[in-house]
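Work through the exercises below with the sequence and the 3D view at hand. Try each task before reading its solution.

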Amino acid sequence: MQNGKIDKIWELLNTVPDPEIPVISVVELGVIRDVQFTNNSFLILITPTYSGCPAVKTFQDDIKTCLLENGIENFELKIVYSPAWTTDWMNDATKEKLRKFGIAPPSNKVICPQCNSQNTTLISEFGSTACKSLFKCDDCLEPFDFFKCI
Amino acid sequence: MSSLFTYTLRIADSSLILGQRMSEWCSNGPTLEEDIALSNISLDMFGQANGFYEYAAQLDGTKSADDLAFKRNEREFFNHQMVEIENGHFGNTMVRNFLHDAFNFLFYTELANSKDETLAALAAKSLKEVKYHLRHSSNWLIRLGDGTEESNLKVQDSLNEIWQFTNELFEMDEIDTELLNSGIAVDNKALKEQWNTIVNNTLSKAKLTRPEDAYMATGGKKGMHTEYLGFILAEMQFLQRAYPNAKW
């Protein structure tokens, strides 16, 4: 019974998109560390991506809204810092979604999401959001975001 | 005030004030990419500060993280004096950040082994970001130092000027010592040797001369500050002072 309820929460969380990269959910991003059921209430453990990422506050609000809209009121969100978030928690399917969206996924090799060339150059270590840096492709000449490995 | 509370507050204060200084670069960066980089670093510093303030608030039990950031006066702030000095020109900011980033990198590496689980977790998280910051400031220092005669002169001047604020980073007072003995705090003094290695290597690549130690500023962790901190707080705290508990 409890496991069924917890699975339902995971299912709902998987519909909450990342505020900056809406093609992936907060579950796929790896920020939901655990869902527990204790004392008749769900405890959702969340870890921030980057300390200062403004999206962290936004997706906490989005999670609350999503659960409330689905009639779940007995829950608590808790921020945990350890272990620190890492891009290793993203699976291959998620990385493929990023690539299709035009963001080079975290990897040792920075591959152009447009033409798959490995001939790329760093423009800036810091991109449009904390989690990305800016590259350009030296073959198709398109600039693109690279999801930094952390 | 417990020692652990004060210790945590000191870390948070240095992050907050450096973040506030970095935020002054937003829309004033030398290039668009650099503007974004400086603003990103500012956000990281605010985020790190927030984590430490939340913990300090929890230890205190009566104040919130926002209270700690917005409702204390300058003598109640315990940040390193280095982070409050004016940004100056871009090279000046990079010199200050490099010297502080190199310290932060070593400090968080050690604090990640603290017996205090929360401090250790916050340090491990911050360390990932500080590695980026250090790489960013080191690269700029090398580019500017080993750039033109003019750029070399400017960053050498900055280095000579800011050097007086480096000694404070490694000071130990009774709170540091007490918490070091209980396995919680970092031995700041012991970081100096590795810091020297990082700084000397980078300065050599940047064709810059390490200044001689002369007058050294002190007092930040006891609430003694340069004249700049009051102005920073006046701007940063204005809204909460003028409209207490305003939310948006």
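Predicted model: local features only at pLDDT ≥ 70, side-chain atom pairs only at ≥ 80, totals over all residues.

Residues are numbered from 1 along each chain as its sequence is written, while chains are lettered from A and ligands numbered from 1 in the order in which they are written.

**Exercise 1.** Find the order of the strands in the open sheet of chain A.

Solution. Start with the terms: strands (E, at least two residues) and helices (H or I, at least four residues) are DSSP runs, numbered from the N terminus. Two strands pair if DSSP finds at least two bridges between them. The order in chain A is β1-β2-β3, with mixed pairing. Next, look at the edges: β1 (32–38) and β3 (75–79) of chain A each pair on one side only. Then take one pair: β2 (residues 41–46) of chain A runs parallel to β3(A), with five bridges. On β3(A), L77(A) is the bridge partner of I44(A).

**Exercise 2.** Describe the make-up and the overall dimensions of chain B.

Solution. Count the elements: chain B has ten helices and zero strands. Its C-alpha atoms fill a box of roughly 55 × 45 × 30 Å along the principal axes. Now test the radius of gyration, taken over C-alpha atoms, against the globule rule of 2.2 Å times the number of residues to the power 0.38. For 248 residues a compact globule would have a value near 18 Å, and chain B agrees because it has 18 Å.

**Exercise 3.** Check the span of helix α6 of chain B and list its buried residues.

Solution. The expected span is 1.5 Å times one less than the number of residues. The 14 residues of α6(B) (residues 149–162) should therefore span 20 Å, and the end C-alpha atoms are 20 Å apart, which agrees. A residue is buried if 20 or more other C-beta atoms, placed from the backbone, lie within 10 Å of its own, exposed if 12 or fewer, and partly exposed in between. In α6(B) the buried residues are K154(B), V155(B), Q156(B), S158(B), L159(B) and I162(B). Their cover includes α4 (90–111) and α5 (117–145) of chain B.

**Exercise 4.** How many residues of chain A are in contact with chain B?

Solution. Contact requires C-beta atoms, placed from the backbone, within 7 Å. By this rule 14 residues of chain A are in contact with 21 residues of chain B.

Conventions. Contact = placed C-beta atoms within 7 Å.
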